[in-house]
Each structure stands twice: as structure tokens, then as C-alpha cells.
Amino acid sequence: MNRICMALAAFVLFSPLNTIAADSKFMKEFKNNYELLELDLLNNPCEVATITNFVYKKDAATFTFTNGKMFFLRYVNDRPTTAIYIGDGKAEVAIPSHVERQTLISITRDSTVDQAFTFCFIRMADDFDLLVREKFALEQTELDMRNFGITKKEQGEFFFKPTVMHISDNNFQLLRSVYERKADGYFWIDFNRYVYSFDPNRPEEVIVGYEREGGDISATDAAVFQRTESNVTADLDMSTIDYPLSLLDRKGKLHLGGAEGDVIEGADISLGIVVNADSVRFASLYLHSRLKLDSIFIGNKPLDYYRRGDFSFVGLIFPEYYHKGDSFALRLFYHGKDYANLFPFLTQPQATPHSIEFIAPNGFTYIVPGMSEITPKNDDSVHFTVQPDEPYHLLSFQSYASNFDTVSLVSDIGVTVNFLKSKSITKNKFECFIPHETYQSVVMSAFNFMTSKLGAPPATFNLSVFPEGGMSLPGLIELPQVQCFKEETGGLHATAGFQAARQWFGGLARPASDREYWLLDAVPDYLSLLYIQDAVGPEIFFGELGRRRNFMHTLQERNDDQPLATGRRLDVTARTAKGVWVLHMLRSLMYDIDKSSDLTFWKFVRELAVLTNNKSFTNADVVKLAEKHYGQSLDWFFSQWLFGRNLPEFSGGYTYETRDNQFYVTTDVNIKGVDQAFSMPVLMRVADGAGASVYSRHILKSGANNFELGPFSSQPKEVVFNELYSVLSKGEVKKQ
């Protein structure tokens with residue numbers, strides 16, 4: 001069967017009705033109302049009120065409209081959805097959690113919001129309009145050119161636009177709240193460079209956004225938290241989020257095609273879903289924008305949904321309300337090219353069981369964790385199923401042309417490692433080709449190092465090494481054989497170590513929220529540095545730690561250092577660099593200076609792999625595990641390094657003193673740049689004339705610190721402050 005016929009067959013296979021169902025009556029109304037939300041404001045009929053001393057509280061925010069005009073526009077179901085205020089006012093927002101206050105400081109330079117304004121733009125589906133109407137008379141008018149001009153100059157609704165760097169479609173979120181209009185409904189307000197929004201249908205209802213620079217195309221999420229009545233304010237509790245829906249499983253069929261065998265020509269995927277909220281009729285679903293959605297069914301009936309163009313967000317509209325504990329299946333049909341993001345997902349980053357049948361063109365080799373034997377068919381295609389034993393939060397596949405050999409090697413623990421050796425990737429064709437022997441030996445070395453420290457990887461009985469880059473998953477290391485390395489950064493060892501480490505900290509990890517994602521970036525990176533230290537030597541290891549430290553210095557100098565626990569809101573480079581240092585400092589704290597042993601740290605990492613791969617974990621779980629191995633509370637550590645910001649800056653020096661034929665090191669250290677509550681053990685090493693070293697730890701606090709080392713029988717030859725980079729810091733302490 002030729003490719004065109006295969007594509008037609010796929011269309012029939014994955015389009016059960018072969019027609020697009022007509023919009024329901026409700027959906028037609030919904031689309032009309034959606035268009036009303038973007039109705040042009042100029043000469044728009046509206047109501048206006050003269051406002052004096054009106055105070056409106058919205059969760060953590062208090063808005064005072066002192067003296068001005070309030071215009072109400074864009075009516076849906078006889079209630080306005082837009083308001084424009086021109087006049088004097090004030091906005092105050094109290095951020096209830098420490099970690100989010102720290103994030104707000106890094107973005108806005110203040111830990112609270114206290115702003116006078118002369119203009120604000122509002123989108124609402126709550127009782128704001130009713131409260132204004134109770135206190136002030138409204139009259140019919142139109143928004144004239146002068147007031148429209150003010151709105152345009154102040155950018156008005158610019159940051160509300162659903163296609164401007166938003167995770168969700170703001171219009172959909174507003175409109176779903178309009179249909180359930182109540183006092184705690186949707187409220188969005190733009191004033192000065194701030195955006196404050198409350199959305200009862202988000203897992204974390206409150207967002208304080210900020211326009212970092214004039215002309216920005218998006219407002220940065222500077223603080224995100226749950227409504228104040230939830231009373232979730234402690235740093236360790238922030239990951240405990242009530243998501244409205246959870247995924248139970250993903251199953252169905254994928255029909256692959258295309259010249260490279262990696263195009264999804266047709267997908268028929270069923271999502272098992274359970275309801276966690278009290279009631280749900282509207283819901284948020286996500287499908288990567290490169291995947292084109294054809295239809296959604298619930299049962300055997302088409303489901304109403306709204307998706308804008310290439311927007312990943314999909315707004316679902318159920319035919320009836322579902323209630324807490326209800327479960328159902330959605331059946332989605334889509335196509336496109338994005339094999340790294342195969343499946344739809346919900347807001348909750350949850351790992352689920354997968355059971356997928358693949359129908360693929362013959363002549364390609366497919367590598368997917370948990371796949372069955374490939375069965376050839378008579379229509380120039382092959383079939384195989386994918387049903388991993390473990391749930392995945394991310395599952396992808398790789399296709400590969402058939403022109404290759406397989407070289408099988410056995411690891412130290414008896415795992416077969418299959419290297420796909422491409423005949424088309426050769427030294428003659430590519431300048432940065434890595435010779436097979438080097439490539440294979442370094443990958444095996446990295447894998448053996450990880451297994452020596454962590455034991456067998458989860459859910460892996462053999463391993464395939466794919467000679468092109470991508471997302472490594474259990475049973476699959478994706479590592480380019482053609483790449484140009486900088487040997488001073490670790491070269492092939494760095495990449496091989498990182499991808500090998502993802503066998504333990506990768507596709508099987510189950511973060512409870514976005515706030516745990518620093519682990520999925522930082523742990524593989526730090527383990528790769530430890531592998532470099534073992535395989536190449538300490539020079540590159542400490543050099544790479546220094547490079548990440550310098551990056552953090554730059555962030556602090558720009559006042560851009562943010563808490564790690566903000567999760568995926570923090571740039572991946574920043575969260576990896578800072579996360580690596582958190583792990584390194586934990587290693588320093590757990591280091592046995594008497595035995596020169598890292599055994600406690602490796603026990604911690606090994607148990608961390610078990611924790612993250614076997615249950616939904618939170619930052620609180622990670623802290624508890626670290627405290628278990630450290631042997632005492634680490635509140636002071638994580639408050640600074642996971643939930644706080646800024647680096648300590650050390651200054652001062654030491655002198656030698658002699659008393660009673662004994663030698664002492666008198667040390668004066670000043671620490672600035674951090675909160676007064678800062679406290680951290682610093683590792684020090686003193687070497688005598690014979691080369692022997694004595695290690696010690698001293699707990700240093702913000703401000704002045706004076707302490708003495710000794711006694712020593714001979715005058716020390718060398719004193720090293722902050723030995724082994726035990727603390728991420730700036731400055732130096734030298735001999736005076």
C-alpha cells in the first residue's frame with residue numbers, strides 16, 4: 001500500500017464519524033459570547049458611574065477607587081465583563097507566603113504591592129459590578145475617543161489577550177466563570193505595570209503579574225498562590241494543590257507516517273479522568289500546538305471544546321456537571337508532528353499508566369519504553385504495542401532508519417546495553433563525529449558509575465543507546481554521536497553522565513506540582529558532575545561548579561535570583577545551576593570529615609530515586625528525606641536555598657597566634673547580602689607543614705563572626721576557608 005493510501009486509511013481509521021459534528025446550541029451561544037469579549041471598545045455602548053471612595057477586596061488584594069469614572073462594557077447575560085476606571089486609586093496586595101514574597105522581590109523589587117494609580121483595566125465575572133451599582137448611579141453612554149485613547153495608551157487589555165504568553169485562554173477562563181457567576185468569580189485587573197488576577201478555576205487561584213520593562217509582551221508571574229481562605233502559606237505546604245481533575249490512564253492508537261516515520265498521521269487516544277472538585281462542567285486540557293485536534297468524544301457523543309488556532313490550551317465544555325469522585329473517558333482524535341509530546345495532558349503533572357497500539361510504516365526502527373515485539377503486516381506497515389509496567393508523566397518515541405547495526409555490551413550489573421550503530425553516521429561525513437569505541441566506552445562508563453552508586457535503574461532490564469539527541473527515558477539513552485564538545489566542561493563525559501542519570505531521575509518521576517521540577521533538572525546535572533570527578537578528575541568538577549556559581553552571581557547582581565521552589569516559572573538554566581548547588585551543599589553537610597566519606601549523601605540520593613519514582617512527591621518529602629539522612633532539622637538550610645534567594649558574601653581574614661607553644665588560627669568573617677536569620681556550616685581545612693590536613697565545620701551567621709581554630713602543634717602551612725566549595729557564596733577570606 002502506498003503512503004497516500006495509508007494516509008487515507010488512517011483518516012478512516014481515526015475518524016469514526018468521518019464528519020465534523022455541528023456545534024450544539026450551547027456551543028453556538030458560547031462562541032458568540034466569546035466574540036463579545038473581544039468587541040472593539042471605541043464607541044461601544046456602556047454604562048458609567050462617578051466613583052468616590054469605593055473599596056473592593058478580592059482575596060489578597062484591596063483596591064480603593066478614590067475619585068474617578070468607572071465604565072462598564074461588553075455585556076454577557078445582561079452583566080458587564082469589562083470595566084475601565086479613569087481616576088485616582090490605590091492597590092494593595094499582601095502576599096501570604098514567604099517563598100512567593102521572595103519571588104515578588106526578585107521581579108518587582110518589593111515584597112508587597114502598594115501602588116497608587118490613575119487608570120486600571122478590569123475583566124470580571126464576579127460581583128464587582130453589583131457592588132458598584134449598589135453604591136453609585138449608572139447612566140448609559142458610549143466610550144468616546146478621548147477615553148478610548150487613554151485605554152490604548154495604558155495598553156489596557158493588552159496583557160489579557162489569550163495568545164500573549166499565557167498558559168490558559170483568558171477569554172475561556174473568564175467566560176466559564178460568567179456562566180457560573182458568583183462573588184468569588186473571575187477578576188483580572190491591570191494597573192501601572194502590575195496585573196492581579198483571581199481565577200477560581202485555576203489550581204492556584206491568585207497570580208500577581210508584573211511588566212518587567214516597558215514594552216514587554218507579557219507580564220511575568222511574580223507571585224502565585226492559593227486563595228487566602230485555603231490557608232496554604234507555609235513554604236513546605238505550597239505543593240499541596242487541589243487539582244480539579246486527575247488523569248487515570250492514557251490508551252489508544254497512534255498511526256505513524258511521514259518520510260522519517262515520525263509524523264502522527266492519526267491519533268485515537270482515550271483519557272481516563274476522575275473529578276476532584278465539588279463540581280465541574282468546564283475544564284482545561286492541553287495538547288501541544290503542533291498537534292492538530294480533530295474532535296473530542298465523551299462516550300459516543302462529540303464534546304464541545306474551544307481552541308484558538310495554534311494555542312496549546314483546549315477548553316472543554318461537558319454536556320452536564322460532573323461531581324467529586326465521578327470518572328469518565330475522553331476520546332481525542334488529532335494529528336501532527338511532535339513525538340516528544342505525544343499525548344494530551346491536564347494542569348496536574350501526573351504520571352499515568354499507558355497502553356498504546358502503534359501502526360507504523362515498515363523500514364524504520366522504533367524505540368519506545370515498554371514496547372512489544374514488532375509484527376509486520378501485509379500493508380507495508382508494522383504493529384506493536386507500548387504498555388510500560390510503570391506510569392510515566394512523559395512518554396515519547398524515536399524512529400530510526402533501518403540502516404544500522406546493533407552492538408550489545410553488558411554492564412557491570414548484567415544489564416544489556418544495545419548501541420544502535422548507524423552506517424550513515426560516519427567520520428567521513430561529519431566533522432564532530434565521536435569514534436564508536438570512545439562513544440561506547442564513555443556511555444558504558446557513565447552507566448556503570450551510576451549503577452555502582454544507585455543500583456539498578458527502575459523498570460529497566462536492557463538499555464538502548466540512540467545516537468541522536470532527545471529526551472532520555474527509562475531503557476533509552478539518547479546521546480548524539482555527532483557533536484562538538486568543549487573538553488574543559490567535561491566533553492562527552494558530561495553528556496553521557498547526564499543522560500545516564502536520567503534513567504533514575506527522568507520520565508518515571510512523579511512531581512506533585514511544578515514546584516518540584518528543579519529536581520528533574522538538577523539531580524541528573526549534579527550526578528553527571530560527580531561522574532566527571534570520578535572519571536576525569538576534580539579539576540573539571542570544581543571548574544563546572546564555579547561556572548554555575550558565577551552564573552548565580554550574575555543573577556544576584558541583576559537582582560534576578562529567585563527561589564528554586566517557584567519551579568518551572570524559574571528559567572531552566574537558573575533552576576539547574578541553583579539546584580546543583582543545593583545538592584552539592586547537602587553533600588557537604590552530609591560529608592563525614594573524620595572518615596572522608598560521601599556514603600551518607602549517596603544513601604540519600606539512592607533513597608531519593610526510590611521516593612521520586614514510586615509516589616507523587618513534594619518538596620516537603622524531599623526535605624524530610626534529607627533531614628532523615630542528615631540526622632536533624634534542615635529548616636534553616638531549605639529556607640535559604642530552596643525557598644529563599646540571594647547569596648551570602650564573605651569577607652574578612654585570619655591570623656596566626658602562638659600561646660603556650662601551641663598555634664591557633666584566629667578568624668574574623670563578616671557575612672552580608674542575606675537575611676539576618678541566615679545560618680550555615682562552613683567547611684574549613686588547616687594543613688600543617690608535613691601535608692596533613694585537619695577538617696572542621698563552623699556555623700556562621702549573618703553579620704560578624706569570630707572564632708578560633710586549633711590548637712596545632714606546628715604553625716599551619718595553609719588555611720582553606722569554605723573548603724570543597726561547601727557554601728554557594730561570594731567573596732573571600734584571606735590571611736591578614
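**Notes on the sheet and its surroundings**

1. Ile207 sits opposite Val224 of S9. The strands concerned are S8 (residues 206-210) and S9, which run antiparallel and are joined by five bridges. Strands here are DSSP runs of E with at least two residues, helices are runs of H or I with at least four, and both are numbered from the N terminus; two strands pair if DSSP finds at least two bridges between them.

2. A word on the basis: this is a predicted model, where local features need pLDDT of at least 70, side-chain atom pairs count only at pLDDT 80 or more, and totals for chains, interfaces and linings use all residues. Residues are numbered from 1 along each chain as its sequence is written, and side-chain values use heavy atoms, with hydrogens and water left out.

3. The open sheet has nine strands, paired antiparallel in the order S5-S1-S2-S3-S4-S6-S7-S8-S9. Strands S5 (138-142) and S9 (220-225) are at the edges with a single partner strand each, so one side of each has no neighbour in the sheet. From one strand to the next, the twist averages 25°.

4. Tyr196 belongs to strand S7 (residues 194-198). Tyr196 counts as buried because its relative accessibility is 1% (buried is under 20% relative accessible area, exposed over 50%, partly exposed in between; 1.4 Å probe, protein chains only). The Tyr196 side chain reaches the backbone oxygen of Lys58 at 2.6 Å. Between Tyr196 and Val206, the C-alpha to C-alpha separation is 7.5 Å, at 10 residues apart in sequence.

Key. A polar contact is a pair of N or O atoms within 3.5 Å; within protein, one must be able to donate a hydrogen and the other to accept it, and residues adjacent in sequence count only if both atoms are side-chain atoms. Axes are lines fitted to C-alpha atoms, for helices over the stretch in contact, and angles run from 0 to 180 degrees between N-to-C directions.
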